[in-house]
Amino acid sequence: MICIPLKNTDPFFCLAAEEYLLKNFTDDIFMLWRSENTVVVGKHQNALGEINYPFVREKNITVARRISGGGTVFHDSGNVNFSFIKNVSSPAEISFKMFTRPVVEALAQLGLKATTSGRNDLLIDGLKISGNAEHVYKNRVLHHGTLLFNSDLENLGQAIKVVPGKYESKAVQSNRSKVANISSFLNNEMQIDKFSRFLIDVQLQKAGNTLYELNDVDTEIISKLAKEKFITWDWNFGYSPKYTFQHTVNINDRTLKIFLAVKKGIIEDANLEGNYFAEPFSTELSALLIGKRHFYEDVQNVLGTRDEQLIYAFF
C-alpha cells in the first residue's frame with residue numbers, strides 16, 4: 001500500500017485526487033488530506049436541500065460534491081479526511097468495517113475507544129467523530145471518512161442546519177447526529193499536524209507500505225479534473241436529482257408563496273403567489289424564473305434587487 005499525505009488543501013483538488021487515484025492507479029492507497037471550510041454533499045443528494053444556504057454563502061463556505069453516496073459532511077482545518085482505495089476481487093469483499101478498523105485501531109493507540117454505528121459513522125462515547133462513505137469503480141473501492149479533531153462545531157452545525165419541508169425529492173437525505181471533536185477525549189494535548197503524522201506513521205509501520213508524493217504529472221491531471229468537473233456548478237448543484245421547492249415568507253407585512261420545480265438545477269416551473277408582488281408582476285416574474293438556474297445570482301437578476309431577505313426566500 002502506498003501512503004499519501006496530501007499537501008494541497010483545496011477541496012476540489014482533493015476530491016479530484018481521490019477519483020484520479022481510484023481510476024488510474026493499481027496500488028492499494030491510504031491518503032490523508034485536509035481542506036478549507038467546505039460542505040461536501042453525497043453524489044445523490046440535493047445540494048441546496050442539505051445546506052443552510054444563507055449561512056454558507058455569507059461565511060464563504062465552499063460547497064462541493066464527492067463521487068461517493070451517503071450524507072453531507074463538513075470539512076475545515078480542524079478536520080482530517082482519510083481515504084482508502086483498495087483492489088477487490090468481488091463486491092462481497094467490501095465492508096465498511098474493513099476500512100474503519102485501521103482507524104479504530106489507530107485511535108486505540110491514543111487511548112480512545114471508537115465504535116461503529118448503524119449509519120456508517122464512528123463514535124466515541126456515543127458522539128459522532130467520523131462520517132464514512134464508499135464508491136466502487138470496476139474492481140476498486142474508494143472508502144473515505146472524516147475525522148473531527150478540533151473542528152469548529154458551531155460552524156459545522158450552522159452550515160448544515162436546514163428547515164425541513166422546503167425541498168421535496170427522491171434525493172438521499174442526511175441523518176443529523178450529535179458530534180464531538182477527538183481532541184476533547186485525549187488525555188494529553190495534541191496538535192492536529194501531529195495527529196495527521198501519527199495516522200500516516202501507523203500505516204507506514206505496516207509491512208510493505210511506502211510513502212508516495214504526487215508528482216508533476218499527477219498534479220497536472222488532478223488539477224485539470226478539478227477544473228473541468230469538481231469546481232463546476234453543473235457538478236455541485238446541477239447534478240442534484242430533480243426536486244420541488246416550496247416556501248412561504250412574510251416580509252414587511254406582506255406574504256410571498258414560492259413554488260419551484262427544478263431539474264438538473266434549472267427551474268422548469270415557477271409560481272409566485274401572495275400579496276408581496278402586485279399582479280401582473282408576480283406572473284411575469286414567475287415566467288422569467290423559468291429556464292434560470294436555482295442559484296443566488298440568477299434569482300437576483302430576475303428579481304432585480306439587492307434585498308437579501310427576499311432573495312434568500314428562494315432557498
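Predicted model: local features only at pLDDT ≥ 70, side-chain atom pairs only at ≥ 80, totals over all residues.

Trainee: Which residues of helix α9 are buried?

Mentor: Helices here are DSSP runs of H or I with at least four residues, strands are E runs of at least two, and both are numbered from the N terminus. Buried means under 20% relative accessible area, exposed over 50%, and partly exposed in between, with a 1.4 Å probe and protein chains only. In α9, residues 281-289, that gives Ser-282, Leu-285, Ser-286 and Leu-289.

Trainee: Within what arc do the buried residues of α9 fall, seen down its axis?

Mentor: An α-helix has 3.6 residues a turn, so residues three or four places apart point the same way. The arc is taken over the directions from the helix axis to the C-beta atoms. The buried residues of α9 line one face of the helix, because they fall within an arc of 105 degrees.

Trainee: What covers the buried residues of α9?

Mentor: Go by contact, meaning heavy atoms within 4.5 Å. The cover includes β14 (254-263), β15 (266-274) and α10 (296-303).

Trainee: Which backbone oxygen does the side chain of His-294 reach?

Mentor: His-294 sits in the loop between α9 and α10, and it counts as buried at 1% relative accessibility. Its side chain makes a polar contact with the side chain of Tyr-243 at 2.7 Å; such a contact is a pair of N or O atoms within 3.5 Å, where within protein one must be able to donate a hydrogen and the other to accept it, and residues adjacent in sequence count only if both atoms are side-chain atoms. At 2.6 Å, the His-294 side chain also reaches the backbone oxygen of Phe-314.

Trainee: What is the omega of the cis peptide bond joining Glu-279 and Pro-280?

Mentor: Pro-280 lies in the loop between β15 and α9. The cis bond from Glu-279 to Pro-280 has an omega of about 5 degrees.

Trainee: Is Lys-264 buried or exposed?

Mentor: Look in the loop between β14 and β15. Lys-264 has a positive phi of about 55 degrees although it is not a glycine. With a relative accessible area of 60%, Lys-264 is exposed.

Definitions and conventions:
Residues numbered from 1 in each chain as written. Heavy atoms only, no water.
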